[in-house]
Amino acid sequence: MTFNELKEYQPDAVNLLKRAVESNRLSHALIFASPGEVGEIALAMRLSQFLLCESPVSSLEPCGKCKSCKLFLENGHPDFHEVKPKGLLRAIKTSDMLAMIKSLQNTSHSGYGKVVIIHQAETLRKESANRFLKTLEEPTAKTYFILLTSRVERLLPTIKSRCQIFRMKPFSDEVLLKKAEKELKISGENLELVCLLASGRWRRAVQLSKNIDKYKELVKRLAEILSERDNATSSAVIFAKSILKEKKDDRKKFEEKSKKEISAKKKELSDLDPTVRKEIIAEFEMQLKSEQGAIERDDKAGLFEAMDALWRDVLTYKATEDADLLLHKFMKSAIVKLAGKYSEDEVIRNLNNINVVRGPTVYLNTRLDIILQGLLSQAASKSAEFTPLRAAIVATGL
Ligand SMILES: [Zn+2]
């Protein structure tokens, strides 16, 4: 995508980049902070190509024809590096960071500098973050770093202070709707629901569109449990167990599927030298795990999003009594019922509780069932002394 095309998605960020380049104030270390998949990767790729281009056509567009551009577009530019998180935990490996840092000591192949993109930079472990910081402190000429993150608050303050931060915005309602209509396989009521829930985040829209019926079932189930109020605990336990079982089944299915894919890959590569084959297989296995890790994390985040959206609807209805303003219009009566059963203070307390646990539960390997159970029982309880959420937090060691 060209910068002109990217401007439709991120007008402010593109203009700021353009101004920084034109006035020669583009920092060698950039952070693209985004709410997730709103064009930041395409923007980072285009900027990288521009920075390596031998004869840019304008202040921000690469030529697309020079040797450097050609190598870049063929994915083979020797001065361009990407570091990505790997494995089920989806974290950047220290060894990958160290290898990247080491490679910077070699002179630039083309003489036009080097560019490094670090994906999901919030998953940098402390050791590699500190090593990286040293690299930033002693910049080599013409090396640019672009750190992509959807959790900029998780980056080390010392790294942030050395970077120029570009904030990507969620898509506007019009852009999201236009793109969703074109690219997602949903329409009518479901299309409207997905766009409302995603509120400008493309990644969430894609994820929801694939599982929209399941999502609707989930919110209905949550509303049923919460409407039981003080009797909700046993339903919450059953619900949490079923979610845990679902996750375990998904993991099992993934393991079986990847076993098959790996043995097929081994057959396909049977002519290769065993050492080379082993390396390729290990890389392939890591890639499968990374993909599964991302799906599992999105799934977990989706549960908290569903609860959050449900409570927001209850709050909206309490404030306006207008069912047309709800996100979940397909379950108006259940939301009206909840609005009658919960006070405004209780709804706000529940929204706060979700915020406290969602980050750590999604990003760390905690017992999701215990947290869910605690969160729902806490939400439904009328007693101020009843603190299952705190108990859950203690039990899972968050
Ligand atoms: Zn070029």
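This is a predicted model: local features need pLDDT of at least 70, side-chain atom pairs count only at pLDDT 80 or more; totals for chains, interfaces and linings use all residues.
**Entry 1: domains.** I looked up how the chain is divided, and the assignment gives domain 1 as residues 3–167, domain 2 as 173–210 and domain 3 as 221–396. I then took domain 1 and domain 3 as a pair and found that their C-alpha centres lie 32 Å apart.

**Entry 2: where domain 1 meets domain 3.** I checked the contacts next, and 13 residues of domain 1 touch 13 residues of domain 3. The area buried between these two domains comes to about 1,000 Å², with carbon and sulfur atoms giving 58% of it.

**Entry 3: charges and polar pairs.** I sorted the residues on the side of domain 1 that touches domain 3, and I noted six charged, four polar and three nonpolar ones. I also looked for salt bridges between domain 1 and domain 3, and the count is zero.

**Entry 4: the zinc ion.** Which atoms coordinate the zinc ion? I found the SG atoms of C53, C63, C66 and C69, at 2.3 to 2.4 Å. Along the sequence these donor residues follow the spacing C-x9-C-x2-C-x2-C. I recorded the site as tetrahedral, with angles of 103 to 118° among the four donor atoms. For comparison, I wrote down that the ideal angle for four tetrahedral donors is 109.5 degrees.

Conventions
Residues are numbered from 1 along each chain as its sequence is written. Side-chain values use heavy atoms; hydrogens and water are left out. Domain bounds come from an automatic or database domain assignment. Contact means heavy atoms within 4.5 Å. Buried area is the accessible area (1.4 Å probe) that two parts lose on being put together, summed over both. A salt bridge is a side-chain nitrogen of Lys or Arg within 4 Å of a carboxyl oxygen of Asp or Glu. Ala, Val, Leu, Ile, Met, Phe, Trp, Tyr, Cys and Pro count as nonpolar, Asp, Glu, Lys and Arg as charged, and the others, Gly among them, as polar. Donors are N, O and S atoms within 2.8 Å of the metal (3.2 Å for Na, K and Ca); water is not among the atoms, so sites may look incomplete. Four donors count as tetrahedral if all angles lie between 85 and 135 degrees; four count as square planar and six as octahedral if opposite donors are over 155 degrees apart and all others between 65 and 115; anything else is irregular.
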